[in-house]
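User: Hi! Could you help me read a protein model, one step at a time?

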Amino acid sequence: MSSSLFCAVAAPAFPVAFSPRESSALSDRLAAIPKLSAITPASRLTIRPVPEMISSGVPELDCLTAGLPRGCLTEICGTASSGRSSVLLATMAAATRRQEVCALVDASDSFDPVSAAAAGIDFERLLWVRCGVGNSATQKNLSRNPLMVPVEQALRVTDLLLQSVGFGLVIIDLGGIPFRAARRVPLTTWFRFQRAVENTPTVLLTITEAPCAQTCAALLLRLQSSIVTRVSAGAEPAPAHAQVFEGLQIQGELLRSRLHRHHEAIKALERKPAQSVKAAFTTQAVKVS
Amino acid sequence: MPPYACIFVPDFSVEALLRLEPDLRSQALAVLEGKPPLQKVFAMNEHARAAGVTVGMTKVQLEACSDMVLRVRSPLQEDTAHAALLDCAQSFSPCVEDTKPNTVVIDLEGMESIFGPFPKIAREIARRTSDLGIEANVAVAANPEAAVLAARGFAGITLIPAGKEAEQLGSLPIETLFTGSSGDESQFETLERWGIHNLRALAALPQIALSERMGQAGVRLQKLACGNWSRMLVPVDVPLTFEEAAELEYPIVLLEPLAFFLSRMLEQLCARLGARALSTQELTLRLTLATEWHNDENADLPSFRSQVPSSTFERTLRLPVPLLDPRIFLKLLQLDLKANPPGAPILKIHLSAQPVRPRAAQGGLFLPPLPEPEKLELTLARIAGIVGADKVGSLQLLDTHRPEGFRMQRFAPAMPNYNAAQKTDRQESAVTALRIFRPPALAQVTLREGKPSRVQCPKRKEIAGEIIWTAGPWRSSGDWWEQDAWSRDEWDIAVQSESQISLYRLVRDLLSGEWTVEGTYD
């Protein structure tokens, strides 16, 4: 924005002293210049709108986190057998029950259709992308490190899916990828994903072994589990065939949340940042009929 | 008397070629016909005519013109242009006469109530013809022959009110009557000898005297000149076939120039489908490939006849929903050809579309969003380029207990159901998921009292340790009547590793005796 005041012929090389009259005229002139319209003063910045929360499919986790936020990146981390996949299936089942279209970017090609069917997922609404198994022609421009190939594929596919709006839930499953490979995903990539889903109704969920997305994740949840078994009555000590794997006792721990402050659990997290809030629930083993 | 419209394409051979190369419209273009080196000019555009090119000139004579563009006549492209012309006519009226390859007559009776007054219809016909890449003359008259004569004789749009035919057609040269072989050459010569140079002069001749000298043919010619000759229209049933073809001057090797041609052809195909209010769900691309290529270095215009086409490459693009967007089709074809290249130079391109009714769908205000089918198809094609075509889609469980009993299928989500979307309050308890190892990890298992007591996977270092809990075995088998029968024992095991306890599914194949870890409970 130009102004006659700034369009002087040449600036003097020595300090200019203004008389009070000149100074007041200059102030008036400056006040008359219109402000830059594209720049908002920090004092006028508005608070971000609260994202809509949707059910994760596990009521206990919903009590803990108030659900999963739309238009944000949510990260669920945990080691093997911590219950990550069980939560994943429950979330996908809840989304397909809401008639939303889901996309699962399976970096390690470890999705089990039988478990998914038992969880109640509507396969018609689930797009499954199996990474890491493409032929050599499709891997031309990918990393030479075989460990990074599925990760790079997953990131590229996620980029495409986020550009093609309309998905209610997009999941990047890096749970079967070694953490040393998953942590090499640049922070800028997570930031890009977070910006891509911002102001959209898409829930972007990532499953990892340990936190990777750092501050880009609006919600960070860590899972742990313990085994639940049942022994048939009568036999002591119980033989192997008398024992039944009943499910996992999963404990969820909310490590970070940048969402609205009205929820009780999140308030507790804010008051005591050193301490996380937890919730526990039990899964059921898949019964094959 | 019902009005008729005629679409006439002057220099039809040139227009058929210009449909795929519209950039040449501003240049002098001559179309050659015949076997090399005896090729002669068959047709030319206005620029070439202004440069002095005439029909029958040889290629050697044309070499004097430096900026002259030469093309070989393509009957294939002429057929396609003719089909496009019929599609355009059919979009206005079901009663269409296929008079000649370059002439179509349309019965416009009753069309005023749909398309408006006749001048507007004539303009609309000219616009749609232009959209199909053909520059044509359009004339509307009270009878078919008057409309044909006006379209042949006057450039652009001509409207002849009823009763004014003789007045308007009078200025046309006498050759106009013979251009479409309405009369023979001897009649034309006779009229020339008499000093009859235009239709007005022919119309002014006494009818009886003309009949005595030229017979009924002369009377017919005079009635044509007066615009009084009327006949019944012979309607043609235009088939719903949408095909575009191109014969190439040079064989194409790279995909980029091929995309250029495909883009033009798809635009034409979509314009034709759009004119008939149709979409397509299946596109077939057929390429004629050259296996032997002999380029004649001495010739300016290489002959496509010197190539020996022997193989055909065909790709079919099936879409889940009817679409009509040439850009989407082009991108999908490009991605498909990138994944499956033809492997030889391309001589001919043949593109056909299966017509279907357009998609009629209305989204609900309170329904969850759905990816746009056009964008989704493109996204799926791009993802298939990254992970492989068989690794993306939705899955379908098969009616079997065999491991990996599923198959991938095309992902085409249905429209959300409002009633089902409302029933979201039903909460199901979470099930324990199995995270599958593909392929299963081969394991070395130590047994104690018939139970696995220690497991170690050479290829998965993290699966190693004492088994602290086991459940099983759960035996299953199937397909014993087939060659690929299966039988296995499944164990659920908990392995104590360095820092945690992990749960796995251990499988013993009873046919091979191998132990594998199929996955982990997660």
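User: Which hand does the crossing of α4(B) and α13(B) have?

Analyst: Good place to begin! This is a predicted model, where local features need pLDDT of at least 70, side-chain atom pairs count only at pLDDT 80 or more, and totals for chains, interfaces and linings use all residues. Residues are numbered from 1 along each chain as its sequence is written, while chains are lettered from A and ligands numbered from 1 in the order in which they are written. A crossing is left-handed if the near helix is turned anticlockwise from the far one by less than a right angle, and right-handed if clockwise. For α4(B) and α13(B), the crossing is left-handed.

User: Are α4(B) and α13(B) roughly parallel or roughly antiparallel to each other?

Analyst: Helix α4 (residues 75-90) and helix α13 (residues 255-275) of chain B have axes 8 Å apart, at an angle of about 30°. Angles under 35 degrees count as roughly parallel, and over 145 as roughly antiparallel. The two helices α4(B) and α13(B) are therefore roughly parallel.

User: Which residues in α13(B) does α4(B) meet?

Analyst: Being in contact takes C-beta atoms, placed from the backbone, within 7 Å. On the α4(B) side are A84(B), D87(B) and C88(B). Their partners in α13(B) are Q268(B), R272(B) and A275(B).

User: Is I172(A) buried or exposed?

Analyst: I172(A) sits in strand β6 (residues 169-173) of chain A. A residue is buried if 20 or more other C-beta atoms lie within 10 Å of its own, exposed if 12 or fewer, and partly exposed in between. Because 31 other C-beta atoms lie within 10 Å, I172(A) is buried.

Key: Helix = DSSP H or I, 4+ residues; strand = E, 2+ residues; numbered from the N terminus. Axes fitted to C-alpha atoms, helices over the stretch in contact; angles between N-to-C directions. Parallel < 35°, antiparallel > 145°, perpendicular 65-115°, else oblique. Contact = placed C-beta atoms within 7 Å.
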